[in-house]
Each structure stands twice: as C-alpha cells, then as structure tokens.
Amino acid sequence: MPHKSGFVSIVGNPNVGKSTLSNLLVGERLSIITSKAQTTRHKIFGIVNEKDYQIIFSDTPGVLEPAYKLQESMLKYSKSALTEADIILFITDTIEKYGKNENFIKTVSTLNTPIFLIINKIDVSTQEELEKLVVFWKNILPSAEIFPISALKKFNTDNLFKRILELLPQSPPYFDKDALTDKPQRFFVSEIIREKILLYYQKEIPYSTEVEIEEFKEATQRVDIKAVIHVMRDSQKGIIIGHQGKALKKLGIEARKDIESFLDKKVNIQIFVKVSKDWRNKDKFLKNFGYEH
Ligand code: GDP
Ligand code: MG
C-alpha cells in the first residue's frame, strides 16, 4: 500500500470540544481541556504514526473576534490551519447557538478541501434536536460530510478516524515517524501550569496570565523546573499568590503531580509571579512567549 500522510485541522468556536477530540484522535493528552473558553492559545500538532500512514492533527484556538494582540495571534493560528489542511474538521456542538463568527464559516465553505462538519456532545442532546441540527448544517455547509459524535463518551469517533484515513492523500511522511508533536516538552509543562490557573482562578485571571519556563534541567532521575507566571497588573499578582502564599502553593503541588506523570520523572518545581504590564498587547512579550504574528 502506498504511504499516506496529511494535515487534519480541527477548527471551530471556543468550547465545542476541539481539544477533547484532538487528544482522543491523537491518543495522547497533548492539549489541555477545561470548561473555560480560550483554553487553547496555540496551534498544536499531534502526530499519529503507523507503518502505512502519518496523520498530523492540529488543534487550534477557538475562533473569536480579537480584542487584543494575543487574540490576533490566536485567530491567525486558526486561519492558517485552514489553508494548510488536507482535511478540515469543523467542530460545532449541540449547545452553541449559530451566529458567531459567520465569516470564518463562509471562508470554510469556499475551500476545496474536504470538510467534516462534526456535531459534538450528542450525549447531552435528544435525537430530535440532533436531527434538526443535521438539517440546519446541511444547509450552511452543503459540501461537508456530517458526523454526529461525542468526544467525551467516545461515540462514533472510531468511524470518524476511519473516514479520515480513507480521505488522507498519498504522500511520504512530513515528520519523523517517531515524532508525536512539533512542540518541545517545556511547552507542555507550561500548558499544564496554565491548566491549573484556568481551574483554580476565576474571572479575568486566567486570561491575564502567561506561563514561561525559565529553566528546564533534566537529569536521569529528576527534572528541575523554574516557571514564571506573568500577570498584567500588581493586583493580579496578589491574587495568584493568595493569602499566605496558599493559592500558589496549591497550584505548584497540583501542577507538579501532572508534570511528573507527563514526563515520567520526579520533578522539582519553583514558580515565581511577575508583573509584565499589559503583556497581551506587547509584541516584545508575545514574541518571547512564542506567539507568531
Ligand atoms: P475547545 O475549547 O473546543 O478545545 O473545547 P474543550 O475540548 O476544551 O472542551 C470544552 C468543554 O466541553 C470541556 O468541559 C469538555 O469536557 C466538554 N466536552 C468536550 N466534548 C464533550 C462531549 O462530547 N460531551 C460533553 N457533554 N462535553 C464535552
Ligand atoms: Mg481547546
């Protein structure tokens, strides 16, 4: 059998389950998942390798109207995922209301790339509601193949994978056949810390913070990590640290546990908090944090 390889881009509005599906298809927990919108800020490749094929899934940030420069970068990642894709998985769910980001959907509908319109979260919907949604989406994206799934309950996702494989173009692999992702380990370490911030802090705090790994020293038995949480304002620094440092301590403990199981090594972690005024709008910071512009 000739070798197949291609890019499969996972796009859609915030919170519809893109990262949940991406992790499931890739078979690894590369993307962090929370109930909060804008959990994913980067385009993350998850690579599936078999003897006869290599699929490069890209998980992307949810489509949004940018309100600051960080979000402009996030939208760029989602748009670039469209143009480089061999197959597009456009994700919606049974909960979101239509009308958000219609321009993005229009762009998708003009592409010649094969499109799957994935209706996720059917575990929280009725048959009747689902049938209505199918009719609705057939109208909006007539060329798309419609796939109702539940990424959480792993319903119909095997069929989706099989169908992706059928449509995958013939091509030599794009990456080494032992590669799992395009991102370095320290990226995932910073993501794990950011996931804890999304889980433990409320309101604008998760959206005002960025995690930078200043030091990542790997020995045979142990990894020493120094991380910095950047916040936008002084008041946010106090909130991250918490009364008597308790909040930051909890964050460190929970992050360490997950990082240890991710790296499969003992981890020693130190976390500092730093005010980087209005970093979300400053090219210097964004570039330093790895956002392309
Ligand atoms: P993203 O922002 O599109 O990447 O969405 P996430 O993958 O981060 O998921 C957002 C939320 O939806 C999380 O709380 C997930 O647990 C939840 N979720 C994802 N897939 C499903 C599903 O099939 N059913 C239900 N009920 N919830 C889901
Ligand atoms: Mg996501």
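**View 1. Glutamine 38 is partly exposed, with a relative accessible area of 22%.** Here "partly exposed" sits between buried (under 20% relative accessible area) and exposed (over 50%), with a 1.4 Å probe and protein chains only. The model is predicted, so local features need pLDDT of at least 70 and side-chain atom pairs count only at pLDDT 80 or more, while totals for chains, interfaces and linings use all residues. Residues are numbered from 1 along each chain as its sequence is written, chains are lettered from A and ligands numbered from 1 in the order in which they are written, and side-chain values use heavy atoms, leaving out hydrogens and water. Look for glutamine 38 in the loop between helix 1 (18-26) and strand 2; helices (H or I, at least four residues) and strands (E, at least two) are DSSP runs numbered from the N terminus. Its phi is near 65 degrees, a positive value in a residue other than glycine. Most residues other than glycine have a negative phi.

**View 2. Aspartate 264 also has a positive phi, near 60 degrees, in a residue other than glycine.** You will find aspartate 264 in the loop between helix 8 (246-263) and strand 9 (266-275). Aspartate 264 is exposed, with a relative accessible area of 68%.

**View 3. Six strands make an open, mixed sheet in the order 2-3-1-4-5-6.** Strand 2 (44-49) and strand 6 (145-148) are at the edges and have a single partner strand each, so one side of each lacks a neighbour in the sheet. Two strands pair if DSSP finds at least two bridges between them. From one strand to the next, the twist averages 25 degrees. Helix 2 (residues 69-83) packs on the sheet and touches strand 1 (4-12), strand 3 (53-59) and strand 4, and its direction makes about 140 degrees with that of strand 1. Contact means heavy atoms within 4.5 Å; axes are lines fitted to C-alpha atoms, for helices over the stretch in contact, and angles run from 0 to 180 degrees between N-to-C directions.

**View 4. Strand 5 is mostly covered, with six of its six residues buried.** Strand 5 (residues 115-120) runs parallel to strand 4 (residues 87-93), and six bridges join the two. Follow threonine 92 across to isoleucine 119 in strand 5, which stands opposite. In a regular strand the side chains alternate between the two faces of the sheet. In strand 5, Ile115, Leu117 and Ile119 point one way and Phe116, Ile118 and Asn120 the other, and all are buried.

**View 5. Glutamate 210 counts as buried, at 4% relative accessibility.** This residue lies in strand 7 (residues 210-218). Its side chain makes a polar contact of 2.6 Å with the side chain of tyrosine 291, and another of 2.9 Å joins the side chains of glutamate 210 and arginine 41. Such a contact is a pair of N or O atoms within 3.5 Å; within protein, one must be able to donate a hydrogen and the other to accept it, and residues adjacent in sequence count only if both atoms are side-chain atoms. Leaving aside residues up to four places away in sequence, glutamate 210 touches several others, among them Arg194, His230 and Trp279.

**View 6. Ligand 1 is surrounded by 16 residues, the closest being Asn15, Lys18, Ser19, Thr20 and Asp123.** A residue joins this shell if one of its heavy atoms lies within 4 Å. An oxygen atom of ligand 1 lies 2.8 Å from a side-chain N or O atom of lysine 18, and a backbone N or O atom of asparagine 15 is 2.9 Å from an oxygen atom of ligand 1. The protein covers 87% of the 590 Å² of accessible area that ligand 1 has on its own, by the Shrake-Rupley method with a 1.4 Å probe.
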